[in-house]
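Please read this briefing alongside the sequence and the 3D structure.

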Amino acid sequence: MAYIFDDTSRTFGEFQLLPNLTGKRHIPENVNLAAPLVKFREGEEPAVQINLPVAASAMQAVSDDRLATALARAGGIAFIYCSQAIEAQAEMVRKVKNYKSGFVVSDSNLKIDSTVRDMIALVRRTGHSTIPITSDGSPNGRLLGIVTDRDCRPDKVSPETPMAEIMTPAPILATGHPRMDLSAANDAIWKNKVNCLPIVDEDFRLVSLVFRKDYDDHKRNPNELVDAQKRLRAGAAINTHDYKDRVPALIEAGADVLCVDSSDGYSEWQRETLQWIREKYGDSVNIGGGNVVDAQAFRYLADSGADFVKVGVGPGSICITREQKGIGRGQASAVIECALERDKYFADAGVYVPLCSDGGIVYDYNIVLALAMGADFVMMGRYFARCDEAPGKKIRMGTTMVKEYWGEGSSRARNWQRYHEAGEDHFSFEEGVESYVPYAGKLEDALAITVSKVKATMCSCGALTIRELQKTARLVRVSGLSIREGGAHDVIPRDEEYPTYK
């Protein structure tokens, strides 16, 4: 008969943390959330660390180049989705790697014969008030001038007035060159008393813009995740079908870390993918594997050459794999068992393989639970899909703003490669749904609140690092009544109507 585990399949919602002694040094400013992203040998440092223990899921509704850039600036990493053409994914990676903090590629440009009418339409569409005028209206055309909200009062000029009549011409503009770093660009802005410095090449073609207001923005991102060349780090997903073509393209584009995107990583196809990369590139390419839910599967991928292992089958808010196939495990149980095996593997082989807890995060404190149970970092989809930088459309539903969110196993994504390792090249049934999530605004604002909660919780646990949390945290299982007791209860909240008594 089938083997039956003694343990119940448990979720994060069934656990709470007990407070440890909070010392005077346990304050949020002293908490260090850095975590290893890839494996390393005992006594060595990992080749890649993340400054915040969060990653964005490799999903169409989550991780494109915009979100990957925003998250890397905050200290985390996104894995750009692979359910798209190889060239398109590589271009997204390239955009993240070519991003220079403070150097903005202009996406609001006009030609010299464009009119005030065109300018008004562009400003309404983008919200930008600085518009470069280039020879071909592109972000990289020859710079002819600039129009700002100080150059034109639309209600005082004809809508047909061409840009040539109102722009500040290029010859009198203060400009910078591509070799200029951000510090020098900011010095030039202050020296010339301007709000914007165009960066142009030797042919006076526009490269980027530097804004005075971005100086403070740069100071707000001290945790930026960058490589040795000070470029933002970018992750990218691959599948087990076209990896021999996709991997070289992503490496050429500059991807720092790859990850096999599969709903069930305990397979020979995944081992073949990992081993092909090791044989072709050695240890020069960082590649994660997954997803798995038990010790045996973790060790299989670690032995196959995975640099980190993702844990989680079915815990995502838009995933219905468990419902459709009966396959999966409660995320808490999966993380705990895989973490124990990870530690055994470290003792046996002297190699530490980081764990990524993928899915199951409902509340911010669930992140701390996952870390305390042994995860080195967490991967989230719904959380980031709510943000401005995510690809989904923002929609008003009644008085509430929401954003689109769909699973890779849904009919919209049609990412059959993630769910079918071999055989059928199409969906027989869906393993994900289409949905909406409450709109959360800018990623940096949402993440700031989450990080403050995580740090405060760790201080209550008497831990200043993730490793310390894993060693000293105390967990207890909770009952339904205990969960109810933990929220507001037996009162009438002020934002609800009072009942009418007769």
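Predicted model: local features only at pLDDT ≥ 70, side-chain atom pairs only at ≥ 80, totals over all residues.

Residues are numbered from 1 along each chain as its sequence is written, and side-chain values use heavy atoms, with hydrogens and water left out. The protein contains 17 helices and 22 strands; helices (H or I, at least four residues) and strands (E, at least two) are DSSP runs, numbered from the N terminus.

**Overall dimensions and surface**

- Along the principal axes, the C-alpha atoms of the protein fill a box of roughly 85 × 75 × 55 Å.
- Of the 502 residues, 51% count as buried; buried means under 20% relative accessible area, exposed means over 50%, and partly exposed lies in between (1.4 Å probe, protein chains only).
- The protein exposes about 24,700 Å², and carbon and sulfur atoms supply 50% of this area. Accessible areas come from the Shrake-Rupley method with a 1.4 Å probe, and for residues only the protein chains shown count as cover.

**Contacts and charges**

- Among the contacts in the protein with a separation of 6 or more, 64% are between residues 24 or more positions apart; contact means heavy atoms within 4.5 Å.
- The protein has 61 positive and 69 negative charges, and their mean positions are 5 Å apart. Lys and Arg count as positive and Asp and Glu as negative, whereas His and the chain ends are not counted. The place of a charge is taken as NZ of Lys, CZ of Arg, CG of Asp or CD of Glu.

**Helix 11**

- Gln 331 belongs to helix 11, which covers residues 331-349, and counts as buried at 2% relative accessibility.
- The side chain of Gln 331 reaches the backbone oxygen of Val 311 at 2.9 Å.
- Beyond its neighbours within four places in sequence, Gln 331 is in contact with residues including Arg 10, Thr 11, Phe 12, Val 311, Arg 322 and Asp 358.
- Ala 332 also lies in helix 11 and is buried, with 0% relative accessibility.
- Not counting residues up to four places away in sequence, Ala 332 touches Arg 10, Thr 11, Phe 12, Phe 15 and Met 373.
- Ala 332 and Gly 13 are 319 residues apart along the chain, and their C-alpha atoms are separated by 8.6 Å.

**Helix 16**

- Leu 469 is part of helix 16, residues 466-472, and is buried at 0% relative accessibility.
- With neighbours within four places in sequence left aside, Leu 469 contacts Val 368, Leu 371, Ala 372, Met 458, Cys 461 and Ala 463.
- Ile 466 has its place in helix 16 and counts as buried at 4% relative accessibility.
- Ile 466 and Ala 372 are 94 residues apart in sequence, and the C-alpha to C-alpha distance is 7.5 Å.
- Leaving aside neighbours within four places in sequence, the residues in contact with Ile 466 include Asn 32, Leu 33, Pro 53, Leu 371, Asp 376 and Met 458.

**Backbone details**

- Gly 290 and Asn 291 are joined by a cis peptide bond with omega of about 10°; Asn 291 lies in strand 14, residues 286-292.
- Lys 193 is not a glycine, yet has a positive phi of about 55°. Lys 193 sits in the loop between helix 5 (182-192) and strand 10 (196-200), and is exposed, with a relative accessible area of 73%.
- Phe 204, although not a glycine, has a positive phi of about 65°. Phe 204 is found in the loop between strand 10 and strand 11 (206-211), and is partly exposed, with a relative accessible area of 27%.

Notes. Polar contact = N/O pair within 3.5 Å; in protein donor to acceptor, adjacent residues only side chain to side chain.
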